[in-house]
Amino acid sequence: MSESGDMLRDNDIRLAEFARGITRAQWAEPSLCAEWTNHDVLAHLVVGYGGGLRSLAVGMLRHRGSFDAANTELACAIAAQRDPALLIDDFVALTRRPQGIGRVFPRRLLLGDHVIHELDITYALGRESAVPIPTVVAVLDTQVHLPNPFVPAAARARGLDLRATDAAWRHSADGPTVTGQAAHLASVLAGRPWALRHLNGDGVAALASRI
């Protein structure tokens, strides 16, 4: 298995344990991901590992080519059918044997997706990130260097000097500076404005305008 694959596997084991500690009432609360409850986010993680390519394609046709709309429809439909405990079991099973989309999606992008959505739940619940710093740094490296057709993090980072205050990570550029915890930087680059309040520097306004 690749280094990204190993990190994804280890993180998913930890993520499943994190999910088992969330109460039924907390699953029903809004996440940081627009229009999704925490339960919907969990269902999305299952879709990402086991959703059928045909189902996604049909959904995109129904929504005039919109991947986001088709993705939302699938996640919300599964959340309506299966409670969080069952979805966690589904997720654990799929980490061992991915199906559909999960078999072809790049491991680096899956890791980023899983970390960002964990943060969507974590921060919405008023908690601090429990994602290991090396894992968040790997996500940051992917965000700023690997173009992602679904999350334009690289475009948001362009021209900014980004620096993590809790890790030896920096995305160096000649432009204005943005500093903050690695997880807050990753969350903002993924399009979540909530964490902007935790960032500092003369580049925060420019970053905010790109979300």
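**Helices, packing and ring pairs in a predicted model**

Trainee: Where does D10 lie?

Mentor: The model is a predicted one, in which local features need pLDDT of at least 70 and side-chain atom pairs count only at pLDDT 80 or more, while totals for chains, interfaces and linings use all residues. Residues are numbered from 1 along each chain as its sequence is written, and side-chain values use heavy atoms, with hydrogens and water left out. Helices are DSSP runs of H or I with at least four residues (strands are runs of E with at least two), numbered from the N terminus, and the one that holds D10, residues 3-20, is helix α1.

Trainee: Is D10 buried, partly exposed or exposed?

Mentor: Buried means under 20% relative accessible area, exposed means over 50%, and partly exposed lies in between, using a 1.4 Å probe and protein chains only. D10 has 44% relative accessibility, so D10 counts as partly exposed.

Trainee: How many of the 13 residues of α3 are buried?

Mentor: Helix α3 covers residues 38-50 and reaches 19 Å from its first C-alpha to its last, close to the 18 Å expected at 1.5 Å a residue, where the expected span is 1.5 Å times one less than the number of residues. Among its buried residues are N38, H39, D40 and Y49. Helix α3 is largely enclosed by the rest of the structure, because the number of its residues that are buried is 12.

Trainee: Which residues does N38 touch, not counting residues up to four places away in sequence?

Mentor: N38 lies in helix α3, and its relative accessibility is 0%, so N38 counts as buried. With contact meaning heavy atoms within 4.5 Å, N38 touches Q26, W27, E29, P30, S31, D120, I121, A124 and L125.

Trainee: At what angle do helix α9 and helix α11 pack?

Mentor: Two packed helices are described by the angle between their axes and the distance between the axes. Axes are lines fitted to C-alpha atoms, for helices over the stretch in contact, and angles run from 0 to 180 degrees between N-to-C directions. Helix α9 (residues 133-145) and helix α11 (residues 182-189) have their axes 9 Å apart, and they pack at an angle of about 35 degrees.

Trainee: How many residues of the contact of α9 with α11 are nonpolar?

Mentor: The contact is made by V136, L140, Q143 and V144 of α9 together with A182, A183, L185, A186 and L189 of α11. Ala, Val, Leu, Ile, Met, Phe, Trp, Tyr, Cys and Pro count as nonpolar, Asp, Glu, Lys and Arg as charged, and the others, Gly among them, as polar. In this contact one residue is polar and no residue is charged, while the nonpolar ones number eight.

Trainee: Is the pair of Y123 and W194 stacked or tilted?

Mentor: Rings of Phe, Tyr and Trp (its six-membered ring) pair if their centres lie within 6.5 Å, and planes under 30 degrees apart count as stacked, over 60 as edge-to-face and the rest as tilted. A search of the whole structure finds three aromatic pairs; in one of them, the rings of Y49 and F91 have centres 5.7 Å apart and planes at 45 degrees, so that pair is tilted. For Y123 and W194 the centres are 4.7 Å apart and the planes stand at 20 degrees, so the pair is stacked.
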